[in-house]
Amino acid sequence: MAALRRLRQCHSTGIAISHFHTSSRASAKLHYKMLVVGGGSGGISMSARMKRMVGAENVAVVEPSEMHYYQPIWTLVGAGAKTLTSSGRSTASVMPSGVKWVKSKVQEINPDTNTVRTDDGNEISYEYLIVALGLQIHFEKIKGLPEGFEHPKIGSNYSVQTVEKTWKALQDFKEGNAVFTFPNSPVKCAGAPQKIMYLADAYLRKTGKRAKANVIYNTSLPVLFGIKKYADSLWDIVKQRDLQVNLRQNLIEVRADKQEAVFENLDKPGETKVLEYEMLHVTPPMGPNLVIKGSLLADEAGWLDVSKDNLQHKRYPNVFGIGDCTNLPTAKTGAAVAAQTAILNRTISKVRKNEKPDKIYDGYTSCPLVTSYNTVILAEFDYNGQPLETFPFNQAKERRLMYYMKADVMPHLYWHGLLRGLWGGPGPYRKLLHLGMK
């Protein structure tokens with residue numbers, strides 16, 4: 001219950017999970033050459049790179065969370081294939097040595113005065129600012145949530161407080177509808193809402209319960225997946241495994257006490273449908289970080305307004321952005337962050353020398369679409385939705401090798417490579433392949 005109360009209070013900051021941090025009100029004025037706000041994947045990886053560029057004593061990271069999580073693995077945690085413990089490490093252990101960790105929450109950013117104000121009363125000034133605050137999760141925009149998570153048979157792989165509830169609901173499944181949702185909003189890792197469906201289907205088959213289950217995926221989107229090459233393969237899997245996909249269906253209410261989910265038909269305003277469920281996996285609506293949305297750094301929709309080519313802010317040249325908080329027109333994934341780190345590092349290096357940024361981000365992103373407990377379709381694509389594949393074979397086909405990369409290789413590279421600023425750049429999988437060839 002206490003964890004769910006925290007869920008009502010906390011906001012997403014990349015892939016780090018916020019806990020309240022109290023400290024005495026500091027009166028000293030702080031200044032750093034390079035200030036990073038947000039200690040998720042983008043913030044930590046860039047702070048490691050900035051340490052090498054300007055020296056550790058000139059870099060600070062503002063992040064309130066005591067724990068840092070590798071969230072891409074939560075799909076497997078929700079299916080019982082990995083433990084939640086394995087997905088997290090202390091923030092202190094991933095913070096680059098010598099870099100100042102400001103253990104506070106950002107309250108306001110003022111790019112006109114080059115200052116950031118934190119919730120414990122500090123004002124920090126900067127020469128350059130990297131914004132890596134992630135996006136905001138909004139369970140509360142669905143009627144009946146987050147309090148509905150206090151009931152059984154409902155979970156979400158998008159929160160540290162609810163991911164294990166997904167696995168419990170799957171284990172407790174007896175017969176009826178197993179329902180999986182995709183919201184009417186941008187999301188991080190747009191493949192994750194359906195990955196857990198494929199894993200649930202595999203688990204129910206393995207435990208002999210599939211014959212008594214209706215596996216249903218209700219998505220607000222007009223397509224199963226945004227890139228046709230991979231969507232065609234996914235539709236084949238849907239048909240082969242007798243999965244029910246309903247397009248343009250948006251979850252608006254959960255009646256957890258009755259085990260009912262209410263969906264609106266986005267193509268027929270006013271039309272709703274009530275589904276009873278034996279298991280419900282909720283992908284929450286998401287939106288821009290509220291600090292950014294309320295600042296001069298935001299675009300009209302509230303996202304950090306950066307150049308899609310070099311990640312420099314469009315109006316404030318000493319401000320840069322990375323990851324889910326930005327308005328980059330590409331899928332919000334960990335692989336995208338990995339690709340963006342080298343681009344942003346180069347951009348900042350050039351700007352500091354009063355030179356024009358010369359490295360262009362092509363929008364590379366990747367989604368390892370987990371389709372069972374031992375197979376993955378590895379989707380890789382650019383801004384234009386064109387496949388940008390690493391390997392010399394058809395990546396739209398389910399493969400065991402890709403599952404091994406997703407489950408075991410990538411977490412190791414995340415903790416020991418990306419967060420240390422040693423791995424990343426355009427096409428992280430391509431870079432991995434090159435490393436394997438050396």
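Which order do the 3 strands of the open sheet have, and is their pairing parallel or antiparallel? The order is β15-β16-β17, and the pairing is antiparallel.

## Basis of the model

This is a predicted model, in which local features need pLDDT of at least 70, side-chain atom pairs count only at pLDDT 80 or more, and totals for chains, interfaces and linings use all residues. Residues are numbered from 1 along each chain as its sequence is written, and side-chain values use heavy atoms, with hydrogens and water left out.

## The open sheet

Helices (H or I, at least four residues) and strands (E, at least two) are DSSP runs, numbered from the N terminus. Two strands count as paired if DSSP finds at least two bridges between them. β15 (249-255) and β17 (272-276) are the edge strands. Each has a single partner strand, so one side of each lacks a neighbour in the sheet. From one strand to the next, the twist averages 30°. Angles run from 0 to 180 degrees between N-to-C directions, and axes are lines fitted to C-alpha atoms, for helices over the stretch in contact.

Strand β16 (residues 260-265) pairs with β17 in the antiparallel sense over 5 bridges. Val 262 has Val 274 as its bridge partner in β17.

## Parallel strands around β3

Strands of a sheet pair through backbone hydrogen bonds, either parallel or antiparallel. β3 takes part in parallel pairing with β2 and with β6. Strand β2 (residues 30-37) pairs with β3 over 4 bridges. Leu 35 has Ala 60 of β3 as its bridge partner. Helix α2 (residues 41-54) carries the chain from β2 to β3, and this β-α-β crossover is right-handed. That hand means that, with the strands pointing away from the viewer, the path from the first strand over the helix to the second runs clockwise.

Strand β6 (residues 100-102) pairs with β3 over 3 bridges. Here Val 62 has Val 102 of β6 as its bridge partner. Strand β3 (residues 59-62) is covered on both faces. Val 59 and Val 61 are buried on one side, Ala 60 and Val 62 on the other. Buried means under 20% relative accessible area, exposed over 50%, and partly exposed in between (1.4 Å probe, protein chains only).

## The nonpolar core

The largest nonpolar core has 137 residues. Such a core is a set of buried Ala, Val, Leu, Ile, Met, Phe, Trp, Tyr and Cys residues joined through side-chain atoms within 4.5 Å. Val 37, Val 131 and Phe 225 have the most contacts inside the core.

Contact means heavy atoms within 4.5 Å. Leaving aside neighbours within four places in sequence, Val 131 is in contact with residues including Val 37, Ile 292, Leu 297, Leu 304 and Cys 325. Val 319, Phe 320, Gly 321 and Ile 322 are also among its contacts.

## Helices α5 and α6

Two packed helices are described by the angle between their axes and the distance between the axes. Helix α5 (residues 163-172) and helix α6 (residues 192-206) pack at about 35°, with axes 10 Å apart. The crossing is right-handed: the near helix is turned clockwise from the far one by less than a right angle. From α5, the contact uses Thr 166, Trp 167, Leu 170 and Gln 171. From α6, Ile 196, Ala 200, Tyr 203 and Leu 204 take part.

Thr 166 is buried, with a relative accessible area of 1%. Not counting residues up to four places away in sequence, Thr 166 touches Gly 78, Gly 155, Ser 156, Asn 157, Ile 196, Met 279 and His 281. Its C-alpha atom is 6.3 Å from that of Ile 154, 12 residues apart along the chain.

## Loop residues

Gly 302 lies in the loop between α8 (290-293) and β20 (319-321). Gly 302 is buried, with a relative accessible area of 3%. Beyond residues up to four places away in sequence, Gly 302 touches Pro 288, Asn 289, Ile 292 and Lys 293.

Most residues other than glycine have a negative phi, and most peptide bonds are trans. The bond from Leu 145 to Pro 146 is cis, with omega near 10°. Pro 146 sits in the loop between β10 (135-137) and β11 (154-155). Asn 114 has a positive phi of about 55° and is partly exposed, at 24% relative accessible area. Asp 242 has a positive phi near 55° and is exposed, at 60%.
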